[in-house]
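Hi everyone, thanks for making the time. Let me put the structure up on the screen, and then we can walk through it together.

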Amino acid sequence: MAVEFDYLQKVFAGVGSIDSVFTLSAISTGSAVAAGSFAYQDLFTGSFSFISSEAFTLNGTTYAAGTNLLSSSFGGAALSGSLNGSTGSFSGSTGAGDTVVFTSDVLDFSNTNERDFSLTFVSIAPRLGLNANGRFNSFNGAATGIFGSEPAPLVNGDVPEPATWAMMLFGFGLAGATVRSARRRDAVTA
């Protein structure tokens with residue numbers, strides 16, 4: 001489906017939204033758990049991608065249509081929503097044995113450990129319901145969402161600015177001074 005992809009990090013200021021094609025493929029070995037009008041199903045494995053459908057320029061580099069803005073393979077993701085509703089939430093993270101792997105032609109995730117995503121589906125048709133196997137029915141819908149990675153990914157080839165290095169060194173120095181001060185205080189108390 002055609003969507004707009006927005007970079008939310010400050011390093012992408014000025015890029016704006018990029019027309020892209022969003023694809024999601026997922027299958028679950030779990031069953032849905034219903035509680036009243038709400039249902040939740042986990043153990044989804046699969047992948048999604050945002051591929052640009054237009055050229056764009058970022059930090060002086062021009063990328064062609066067909067650029068992988070963000071793709072992910074995942075395991076342990078979950079889908080939830082109101083039964084007979086037309087919205088649902090699909091998310092995954094790197095906790096409790098779940099996996100999320102990001103790739104991109106623009107972003108570098110090699111310095112990250114925590115990876116999360118959350119997609120919201122609206123205008124779901126047919127409405128969310130459970131099939132005879134106790135799982136969500138297949139559906140089509142429009143997707144909106146965000147992704148997160150801590151620390152934030154770098155633009156491929158990006159080098160941290162001197163101010164970033166200075167702030168990091170200052171933080172390490174401050175932490176060391178705090179530890180030394182605590183040791184001196186503990187030694188005087190003893």
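This is a predicted model: local features need pLDDT of at least 70, side-chain atom pairs count only at pLDDT 80 or more; totals for chains, interfaces and linings use all residues.

On to the fold. The protein chain has 13 strands and 1 helix, and if you read along the sequence you get β-β-β-β-β-β-β-β-β-β-β-β-β-α, with the helix coming after the strands. Of the 190 residues, 32% are buried. Now take the contacts between residues at least 6 apart in sequence: 64% of them join residues at least 24 apart.

Now for some backbone details. Most residues other than glycine have a negative phi, and most peptide bonds are trans.

Where is the cis peptide bond I want to point out? It runs from A125 to P126, with omega near -10°. P126 itself sits in the loop between β11 (114–125) and β12 (140–150).

The next spot is L43, which is not a glycine and yet has a positive phi of about 65°. You'll find L43 in strand β4, residues 38–52, and L43 is partly exposed at 44% relative accessible area.

Finally, N84 also has a positive phi, near 65°. This residue belongs to the loop between β7 (68–82) and β8 (88–93). Is N84 buried or exposed? With a relative accessible area of 55%, N84 is exposed.

Note on methods: Residues are numbered from 1 along each chain as its sequence is written. Side-chain values use heavy atoms; hydrogens and water are left out. Helices (H or I, at least four residues) and strands (E, at least two) are DSSP runs, numbered from the N terminus. Buried means under 20% relative accessible area, exposed over 50%, partly exposed in between (1.4 Å probe, protein chains only). Contact means heavy atoms within 4.5 Å.
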